[in-house]
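Subject: Structure handover

Hello,

Please find the structure below, followed by notes on what was found in it.

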Amino acid sequence: MKNIDSKGHVTGKSIYLDDIPTIQGTLYGVVFGSPVAHGHIDAVDYSKALAMPGVIRIITHKDIPGENQIGGIIPDEPLFATNEVHFQGQPIALIIAESDHLASEARKCIELKISEKEIIVDPRVAQQKGELIQPPRTFALGDTEKAWAKCVHVFQGKADTNGQEHLYIETQGAYAVPMENGNIRISSSTQGPTAVQRTTAWVLGVGMHKIEVDVVRLGGGFGGKEDQATPWAVMAALGAQLLNKPIKVVLNRMDDMRMTGKRHPYSSDYKIGLSEDLKIIAYEATFFQNAGAAADLSPAVMERTLFHATNAYFVPNVQVTAYSCKTNLPPNTAFRGFGGPQGMFVIESALAHAAHELNVPTYVLQKKNLLKNGDEFPYGQIAADVGLQHIWSDMESKFDIQAVEKRIRAFNANHSDQKKGFSLMPVTFGISFTKTPMNQARALVHIYSDGSVGVSTGAVEMGQGVNTKMLQIAAQMFSLDPERVKLESTNTTRVANTSPSAASATSDLNGKALQKACNALLERLKQSAADHFGVSPGDIELKNEQVYSQGKATSMSWNQLVDMAFLQRICLTENGHYATPIINFDKTKEKGHPFAYHVHGLALTEVSIDCIRGVYEFDAVKIVHDFGKTMNPSVDIGQIEGGLVQGIGWMTMEELNYDNQGRLRSNSLSAYKIPDIYSVPKEVLIEALETDGNDMAILKSKAVGEPPLMYGIGAYFAIENAIRAFNPSFISTFDAPFTHEKVLLALYNHYGILENSKTGIRSSLSGNADVRIAQ
Amino acid sequence: MNNKSSNEEKKAVSRRSFLKGAGVTTASTVAMSAGLLSFKAPETAPKRPPVLGPGDTEVRLEVNGQQESVWVEPRTTLAEALRDHLHLTGTKVVCDRGSCSACTVWLNDKPVCSCMTLAVDAEGSKVTTVEGLADGDTLHPVQEAFIEYDAAMCGYCTPGMVMSCAGLLKRNANPNLDDVKAATSGNLCRCGTYPKVFEATLAAAKKM
């Protein structure tokens with residue numbers, strides 16, 4: 001089935017937040033954020049701003065009737081700063097005016113006196129000073145202390161990954177409309193309608209029942225609208241409550257980039273030990289997560305780093321510890337992969353380090369240590385449904401790794417200014433929210449008396465095709481023409497207490513809830529038909545909008561059956577509820593069975609480097625992916641291609657740049673580069689692993705949102721491989737992204753010009769250029 | 001190396017001479033106009049463009065075949081005029097600085113970034129937005145192909161992408177992959193639908 005939204009998209013008729021026709025009298029809010037990253041607010045003078053024409057009101061923390069608190073996991077983040085500011089762009093006030101132009105003009109006239117305080121931007125510095133969001137956590141298996149003695153080879157080092165701007169193409173925004181009796185209806189571009197509803201209720205000092213949140217669709221989310229869509233919606237609602245007027249708050253791109261959190265930058269230490277026959281015996285890692293100034297989702301992101309610290313490998317002795325470090329950056333947040341990619345990069349770095357020192361190809365180490373069924377993860381879950389060996393042999397048979405290696409070697413031998421490189425990147429990613437209670441969903445299905453169907457779920461459509469999948473499920477189960485099924489907006493009054501659309505689990509959770517609702521309705525309709533034909537319900541089937549009895553078509557259509565059931569006063573509405581079975585996790589022991597299942601895959605990345613200029617392009621990425629039994633190949637392949645490109649972007653060109661004052665320098669699309677049409681690998685081949693699928697997945701079709709992003713990590717190591725062909729004395733720095741500038745320096749670092757990027761010493765080759773070293 | 005530096009020098013010299021020349025031209029223009037103003041009758045003075053603003057000014061446009069008139073401040077961009085005044089919200093504002101092409105419309109049949117075009121500069125022009133691309137209920141072949149190849153995910157960059165691709169087919173009925181890439185090189189898609197955009201556009205070209 002094709003994406004059901006495509007026609008609206010290509011004709012410009014799809015409605016996003018900023019396209020909703022505004023009600024007469026609508027006012028516009030612009031956020032005034034802190035110009036410094038850490039300080040005490042001594043005085044704010046709004047008088048000049050308030051005197052400007054068209055300015056209606058300026059709302060601050062003093063106007064909040066409820067709690068000035070938006071922290072989800074830990075209550076440590078005010079909606080508006082009170083006395084202290086902790087990051088640049090931290091909201092201090094909302095200026096409400098007759099237009100956003102007027103509000104923006106007024107913003108320039110606010111006078112602020114701040115006593116600046118010490119600014120920390122480096123997570124390691126924060127950790128040394130004891131600035132932590134929560135106590136550190138450690139996952140362990142076996143005994144690494146004893147294991148080191150058994151290792152023949154031990155390597156240790158440092159591996160860093162920078163953050164990543166979500167750059168959802170639609171910026172953050174919300175539109176709040178006051179209704180009767182103090183109720184407020186919010187249209188929000190959020191992945192978490194319930195988070196918006198709950199937080200708004202707290203701040204406004206009302207019950208959740210007073211707040212209705214509606215989401216039609218998002219112009220991209222990628223995790224950036226899981227928690228961080230909330231403040232803007234709360235501000236709009238607060239304005240609506242105070243002024244009894246509709247209020248729209250839509251961030252412009254620079255405000256959005258400056259005020260919102262990103263993927264967490266990480267700095268990590270690793271130590272890996274191998275046996276004589278290159279089996280990993282022990283692995284230790286310490287992760288320093290740059291959480292920013294408040295918790296946001298950092299504790300959960302940090303947890304997933306620990307879950308995926310050993311990626312697709314079995315390691316008998318593991319000890320991994322993570323610190324969530326409090327710095328003066330905007331609170332970092334969810335981003336596709338949710339901490340998993342940062343953990344995986346470190347073990348891939350450790351393996352690349354070991355392989356280089358031992359003079360064996362990295363893929364030999366990778367292949368030797370792949371996870372098998374029955375192996376234990378450091379968090380206690382026993383690996384099942386693991387197809388990694390099959391995936392690897394599929395890759396070898398379909399794409400012939402050795403032939404690729406030979407071809408690249410031959411090319412490199414014949415070219416002095418151009419070099420090619422390749423890498424393999426296996427991925428194992430757990431599916432479920434790691435916080436077990438979040439693994440529940442509901443779906444509301446109405447069969448209208450004319451036989452058409454309305455479906456509401458808790459899933460938010462943000463381009464991942466979840467609404468298409470939901471419609472497909474309902475149409476298949478009722479055997480209806482898809483045109484007769486409508487996917488409703490996601491609305492807290494129809495489906496309450498939703499989990500955010502996140503963790504790749506949205507289709508599984510909501511799809512299974514929808515199946516339950518459809519099944520209950522089918523049962524009632526079949527009973528009604530069975531009574532009519534004098535047979536048992538098991539004899540009734542519904543096919544192509546026709547009723548079949550004992551395998552034969554009857555004269556009764558779907559419409560007639562629905563009509564008959566309605567006249568018999570049978571309920572044609574059902575609410576399905578699903579909670580993932582089996583899963584559990586005990587945080588006191590850091591052991592359990594947190595994931596319904598895992599998704600596995602393997603990517604082969606080939607790159608070409610221009611060794612004169614340091615620029616590179618990706619010749620091919622070939623992927624063997626475990627879809628289970630994909631229920632919608634077109635949607636799922638789109639997710640893999642898109643995830644891969646986003647992962648490559650994170651590893652190569654996307655250079656988030658905060659200065660030591662905590663100021664975002666890469667604060668617009670002209671200063672922050674995301675993959676464009678030329679960044680796509682010239683060839684992307686995706687092969688599906690032959691498998692029976694997994695019953696925990698919807699229609700045995702495994703989750704596909706996040707796992708492909710991590711194929712992009714292969715890009716980093718393919719570039720390293722190519723650099724080494726030009727500069728054999730190249731010393732790995734493991735500090736992503738591998739920008740063109742860094743590649744150029746790496747190609748020539750045997751001149752001793754680039755002393756040591758790890759020490760933070762700037763290269764003399766760079767002249768005036770600002771060569772950034774990851775913090 | 002020697003060649004390179006002598007080239008550099010030549011370039012630098014020529015750039016300097018250009019600037020020098022340009023300076024002279026500017027100066028003489030100033031002198032001339034000053035002369036004109038002091039010695040000639042006012043009615044023969046060169047006509048100055050009308051001063052617009054700071055209030056609203058009327059802009060007349062042909063949008064999707066309809067004659068439209070909007071009253072906007074001179075600073076209003078074409079994208080704002082289309083979205084906020086004509087309620088054609090298919091055109092999206094994403095970066096607001098010509099870096100992403102999401103706001104692409106056709107101005108006199110050529111793709112432009114409507115966030116970088118002032119509405120007053122489009123006075124009297126023919127504007128085609130994504131809403132005006134289809135012929136009634138018959139979609140443009142690029143629109144058809146985007147649906148067929150699932151080339152949209154979240155859909156927010158799609159209107160701009162469609163206008164760029166359809167614009168390419170308007171000037172080149174038989175493009176190859178490199179042409180498609182060049183035509184959409186400014187269009188950013190964060191969902192990463194690029195491979196499907198290639199397929200869809202090439203397929204649409206075949207159908208046209």
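Predicted model: local features only at pLDDT ≥ 70, side-chain atom pairs only at ≥ 80, totals over all residues.

Two loop residues

On that numbering, A:Thr327 sits in the loop that runs from β15 (317–326) to α10 (340–358) of chain A. Is A:Thr327 buried or exposed? Its relative accessible area is 1%, and the cut-off for buried is under 20%, so A:Thr327 counts as buried. The side chain of A:Thr327 makes a polar contact, at 2.5 Å, with the side chain of A:Asn290. Beyond its neighbours within four places in sequence, A:Thr327 is in contact with several residues, including A:His86, A:Ile120, A:Asp122, A:Pro123 and A:Gly292.

A:Ser275 is also in a loop of chain A, between β13 (266–274) and β14 (280–292). With a relative accessible area of 11%, A:Ser275 is buried. Its side chain and that of A:Asp277 form a polar contact at 2.4 Å. Leaving out residues up to four places away in sequence, A:Ser275 touches A:Val152, A:His153 and A:Ile281. A:Thr573 is 298 residues from A:Ser275 along the chain, and the C-alpha atoms of the two are separated by 62 Å.

Two helix pairs

In chain A, helix α14 (residues 466–478) packs with helix α15 (residues 506–533) at an angle of about 25 degrees, and the axes are 10 Å apart. Angles under 35 degrees count as roughly parallel, so that is the description for α14(A) and α15(A). The crossing of α14(A) past α15(A) is right-handed. Among the residues that make the contact are A:Met470, A:Ile473 and A:Met477 of α14(A), and A:Leu514, A:Cys518 and A:Leu522 of α15(A). Sorted by class, this contact of α14(A) with α15(A) has 10 nonpolar, six polar and one charged residues.

In chain B, helix α3 (residues 141–148) and helix α6 (residues 194–207) pack with their axes 8 Å apart, at an angle of about 135 degrees. α3(B) and α6(B) are therefore oblique to each other. α3(B) passes α6(B) in a crossing that is right-handed. From α3(B), the contact is made by B:Pro141, B:Val142, B:Ala145 and B:Phe146, and from α6(B) by B:Val197, B:Ala200, B:Thr201 and B:Ala204. Seven residues of the contact of α3(B) with α6(B) are nonpolar, one is polar and none is charged.

Regards

Note on methods. Residues numbered from 1 in each chain as written. Chains lettered and ligands numbered in written order. Heavy atoms only, no water. Helix = DSSP H or I, 4+ residues; strand = E, 2+ residues; numbered from the N terminus. Buried < 20%, exposed > 50% of the residue type's maximum accessible area, 1.4 Å probe, protein only. Polar contact = N/O pair within 3.5 Å; in protein donor to acceptor, adjacent residues only side chain to side chain. Contact = heavy atoms within 4.5 Å. Axes fitted to C-alpha atoms, helices over the stretch in contact; angles between N-to-C directions. Parallel < 35°, antiparallel > 145°, perpendicular 65-115°, else oblique. Left-handed = near helix turned anticlockwise from the far one by under 90°. Nonpolar A, V, L, I, M, F, W, Y, C, P; charged D, E, K, R; others polar.
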